Amino acid sequence: MTTYRIDKHPILPISKKEQITFFWGDQKLAANKGEMIASALFANGVRIFGHHPKDGAPQGIFCANGQCSQCLVIANDVPVKSCMTEVLPGMRVEPIDELPRLPQVDNLPNMHAIDTIKVDVLILGGGPAGMSAAGELGRRGVDVLLIDDKDRLGGKLVLQTHRFFGSFEAVHAGTRGIDIASILSGEITGLPSVKIWTNSTALAVFSDKKVGVLRCGDEYVLIEPQILLVATGAREKSLVFKGNTLPGVYGAGAFQTLVNRDLVRAAERLFIIGGGNVGLIAGYHALQAGIEVVGLVEALPECGGYKVHRDKLARLGVPIYTSHTAISANGNDQVESVTIAKIDDKFQPIPDTEKSFACDTILIAVGLDPVNEFTFKAREYGINVFDVGDAEEIAEASAAIFSGRIKGRMIARELQETNEEIPEEWSHTAQLLKSKPGKVGRENIPPWEEGVFPILHCSQEIPCNPCSAVCPKGLIKIDKTDIRQRPQFIDDPHQCLGCEQCVAICPGLAITLVDYRQDQEMPTVTIAYEFPLESLGVGKKVTVTDSVGEILGDVVVEDLRSIARNNHTVLVKVSAPKEYAKRIAGIRIQDPSICQPLPQIEERMEDDTIVCRCERVTAGEIRSLIRSGCRDMNEIKAVTRAGMGACGGKTCTPLVKRIFREEGVPLSEIKENVKRPLFVEVPLGVFAGTGSPGADLTGKEEAGDE
Ligand code: FES
């Protein structure tokens with residue numbers, strides 16, 4: 001059977017993993033030891049994980065993060081979320097094609113008492129915010145238990161192969177997300193008062209002020225913290241359009257999980273919905289993994305993500321369709337194409353503007369919702385609770401790192417009853433890092449045609465300063481009190497050393513270095529490049545573009561430099577005519593033919609615009625209830641079952657609210673669903689202690705520690 005593994009990557013190391021075998025139905029398949037079932041299935045080309053018992057619709061993944069329950073399969077007789085369950089040697093995995101049958105139980109399960117563990121601080125989530133907070137607390141000797149549902153710390157950082165924006169001094173800007181994850185986890189590993197439980201999931205917050213945690217998948221414990229810090233991050237929003245639950249339509253974060261964490265070649269041809277940072281970055285990551293990116297639609301007239309991310313994608317050859325939306329995902333059992341259309345200023349499709357593109361995957365990247373149910377329940381039950389990172393407010397990971405430090409320090413002050421200062425400038429920095437992309441100005445191309453100097457193609461105000469921080473002569477200036485200001489190169493082409501450090505570190509790959517010293521007619525231009533080098537070579541021709549992706553011409557590669565200090569960023573030196581040398585900003589890697597629309601428009605006839613994935617409830621059903629006067633989400637749930645499924649309404653609740661808004665009903669008129677304490681589904685037996693009887697809680701830290 002063909003395998004869908006990534007065997008080369010410009011940033012991620014490809015190491016040989018120990019192989020195991022498991023069964024998918026009757027088929028014996030290979031898997032990497034330690035990977036999740038969903039990843040192992042994708043790596044074997046299996047993208048349909050079953051068919052919904054209600055209408056037989058094919059099912060695949062959506063979030064790959066344990067949030068949506070789309071990926072249920074039967075593993076060794078038990079229904080499990082395949083994206084969160086490790087595949088084991090000899091495991092029998094089967095699709096769910098009907099309601100799962102209860103497994104045969106021969107003996108009474110071995111039940112035992114549930115332990116309660118008291119801690120000063122329980123942190124839910126080992127992403128950037130949780131780890132930073134744990135560091136602040138641990139360095140002050142506060143007793144902390146940090147839990148995370150993955151097998152390693154880092155949260156979404158472990159999916160990010162690109163360099164981060166933000167402040168070089170405060171949050172490791174200019175360093176790749178995967179490396180920041182290692183730095184932060186290294187800072188807390190070994191702190192004596194910080195215990196770390198990976199593979200452990202917070203399930204519920206109870207009225208007796210305890211938090212139910214499933215440790216290592218089978219051992220249920222109650223944690224009684226003095227303070228709860230919720231750093232659970234965010235979940236991806238879904239979107240309603242025809243065919244929106246076909247296997248092959250899933251979240252951009254899920255795609256990054258498969259591609260960057262598990263090195264699975266999850267797609268051949270990709271289309272992206274949403275021009276925020278998540279969608280733009282996912283497109284970049286796809287190209288790095290050798291996956292074709294056919295296009296990206298954004299409903300607004302401009303992409304909402306950083307312009308440097310948008311431009312980077314356009315330079316590589318990905319068309320970006322603003323003021324467009326996806327009309328349908330097409331295909332019988334899985335995605336075969338997408339149809340898009342231009343929209344008017346009321347976001348309605350404009351007739352006769354439809355286009356269809358062949359693709360096997362459609363990524364939804366239309367924003368994130370905070371995972372905040374633990375915070376609200378804890379507040380309701382009077383637990384002393386703080387929230388931080390995306391669980392508090394959706395922002396960049398760099399902001400989460402910094403906010404984590406502040407919250408950690410605040411909690412330490414409260415517990416230790418000290419007056420330790422939280423530096424005043426910290427809250428200023430936190431606000432800067434959270435700020436949305438600002439004004440776009442004209443690209444600053446200097447008039448000189450002599451000497452050597454960088455060209456700063458970054459034309460938008462965003463919080464970012466690594467270029468300024470690494471310039472050995474301090475020639476790139478950014479206002480230190482407001483790093484959102486655009487960088488300025490000092491007004492002199494003769495002071496620059498030509499060291500190229502600014503080119504190599506720029507997270508937006510938005511700096512080039514132009515050197516006229518050897519040849520004033522054909523200066524050299526140094527371009528940062530983060531792709532496999534096969535198509536490049538000294539003496540070969542490459543197509544270069546300006547900062548927004550317009551082709552300037554074909555030029556010859558003079559030199560390629562890949563030095564360890566640059567951490568996989570290759571510096572490509574080309575010689576180019578002086579007429580456009582200063583406008584060069586990137587190298588096109590994708591052939592325009594990849595992005596051509598199909599000759600005919602694909603139309604989807606079925607009315608399968610799904611709002612509740614778990615119970616297969618359509619937008620039409622919800623809309624007709626709202627039109628009949630229903631304003632209570634509980635009634636909608638009772639009548640349609642929307643929100644009653646396995647995910648507990650995590651995916652559909654925002655979509656139902658959106659339909660209310662579309663129908664002109666203000667949210668103030670809506671009665672919210674009643675939320676129960678349990679937020680993550682588990683077999684009932686875990687509450688009776690049926691897993692790991694008599695497990696030694698105190699002895700397990702090492703096993704779970706990073
Ligand atoms: S895809 Fe597994 S829970 Fe969402």
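How many of the ten residues of helix α7 (residues 307–316) are buried?

1. Nine of the ten are buried (under 20% relative accessible area, with exposed over 50% and partly exposed in between, for a 1.4 Å probe and protein chains only), so α7 is largely enclosed by the rest of the structure. Helices (H or I, at least four residues) and strands (E, at least two) are DSSP runs numbered from the N terminus.

2. This is a predicted model, in which local features need pLDDT of at least 70 and side-chain atom pairs count only at pLDDT 80 or more, whereas totals for chains, interfaces and linings use all residues. Residues are numbered from 1 along each chain as its sequence is written, and side-chain values use heavy atoms, with hydrogens and water left out.

3. Just after α7, G317 adopts a positive phi of about 115 degrees.

4. Q160 lies in the loop between β9 (144–147) and α3 (168–171), and Q160 is buried, with a relative accessible area of 11%. Leaving aside residues up to four places away in sequence, Q160 touches R176, G177, I178, Q256, I281 and H285.

5. Helices α13 (residues 619–627) and α15 (residues 652–662) pack with their axes 10 Å apart and at an angle of about 50 degrees, the axes being lines fitted to C-alpha atoms over the stretch in contact and the angles running from 0 to 180 degrees between N-to-C directions. In this packing, A619, I622, R623 and I626 of α13 meet V656, I659, F660 and E662 of α15.

How values were computed
Contact means heavy atoms within 4.5 Å.
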